[in-house]
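Please read it with the structure displayed alongside.

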Amino acid sequence: MNVSLTGFGFLFGYIVLVGTASFLEKFSMKQLNPYQVNLLMAIGMAVTAVPALWIKQGNLRVPTKALPLGAPIGLLMAVGSICFVLSLAKLPVGMATAISTSYVVLVVLLSRLFLQEGIGWMKAAGIALTITGVALLSWQQK
């Protein structure tokens, strides 16, 4: 597998930007409800996605053949985002964010089932450590 340093740079940007945004969402809910926060996130995505698409390909076309898969992905991400913001309204931000990272376990398992990606001892250990880490980060002592 060819690993790109640029890819790691984008992941670093994702971690910093989404981590900071997740933290700030808790503060924003003092004045906004979770649905308003999600609407503002959608506007932010459109404001960035439209120029990015224009710059990358010179137009705003999306291949119609890609819509049957792309549209459900967008819908799943949007509903997932609403669920995350709603969780922030009910849980401490550190706990909600820690638990939300459990999605990587689902991705690994789905990749095994549908893409036949292997789960060797290293990935199995990573899954176990992820679950352990999420449990430790979400632990609330009373």
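A residue is called buried when its relative accessible area is under 20%, exposed when that value is over 50%, and partly exposed in between. By that scale F27, at 45% relative accessibility, counts as partly exposed. The model is a predicted one, and the values below are computed from it.

**Overall architecture**

- The protein contains 6 helices and 0 strands, and its elements follow the order α-α-α-α-α-α along the sequence.
- The C-alpha trace extends over about 55 × 45 × 30 Å along its principal axes.
- Of the protein's 142 residues, 13% count as buried.
- Considering contacts between residues at least 6 apart in sequence, 64% join residues that are at least 24 apart.

- How many aromatic pairs does the protein have? The count is 1 aromatic pair.
- The pair is formed by F23 and F27, whose ring centres lie 5.1 Å apart and whose planes stand at 75°, so the arrangement is edge-to-face; the angle required for that class is over 60 degrees.
- Both residues belong to helix α1 (residues 5–28), and because they are 4 residues apart there, about one helical turn separates F23 from F27.

**Helix α6 and its buried face**

- Helix α6 covers residues 121–138, which is 18 residues; at 1.5 Å a residue it should span 26 Å, and the 25 Å between its end C-alpha atoms agrees with this.
- Which residues of α6 are buried? They are I127, V134 and S138.
- Viewed down the axis of α6, these buried residues fall within an arc of 35°, so they line one face of the helix.
- The packing partners of the buried residues of α6 are α4 (93–100) and α5 (103–115).

**Helix α4 and its packing with α6**

- Two packed helices are described by the angle between their axes and the distance between the axes.
- The axes of α4 and α6 come within 8 Å and cross at roughly 170°.
- That angle makes α4 roughly antiparallel to α6, since the class applies to angles over 145 degrees.
- On the α4 side of this contact are M95, A98 and I99, which meet V134, L137 and S138 of α6; of these α6 residues, V134 and S138 are among the buried ones.
- Within α4, the buried residues are M95, A96 and A98.
- Around the axis of α4 they cover an arc of only 165°, which puts them on the same side of the helix.
- The elements covering the buried residues of α4 include α3 and α6.

- S81 is located in helix α3 (residues 67–90) and is buried, with a relative accessible area of 15%.
- Apart from neighbours within four places in sequence, S81 is in contact with N38 and M41.
- L67 also lies in helix α3, but L67 counts as partly exposed, at 43% relative accessibility.
- When residues up to four places away in sequence are not counted, L67 touches V62 and P72.
- L67 and T20 are 47 residues apart along the chain, and their C-alpha atoms are separated by 31 Å.

**Two loop positions**

- Q31 is placed in the loop between α1 and α2 (34–57).
- Is Q31 buried or exposed? With a relative accessible area of 76%, Q31 is exposed.
- A distance of 20 Å separates the C-alpha atoms of Q31 and A96, which are 65 residues apart along the chain; A96 is one of the buried residues of α4.
- Q116 is found in the loop between α5 and α6 and is exposed, with a relative accessible area of 56%.
- Most residues other than glycine have a negative phi.
- Q116, although not a glycine, has a positive phi of about 55°.

Technical notes:
Residues numbered from 1 in each chain as written. Predicted model: local features only at pLDDT ≥ 70, side-chain atom pairs only at ≥ 80, totals over all residues. Heavy atoms only, no water. Phe/Tyr/Trp six-rings, centres within 6.5 Å; stacked < 30°, edge-to-face > 60°. Buried < 20%, exposed > 50% of the residue type's maximum accessible area, 1.4 Å probe, protein only. Expected span 1.5 Å × (residues − 1). Arc of directions from axis to C-beta. Contact = heavy atoms within 4.5 Å. Axes fitted to C-alpha atoms, helices over the stretch in contact; angles between N-to-C directions. Parallel < 35°, antiparallel > 145°, perpendicular 65-115°, else oblique.
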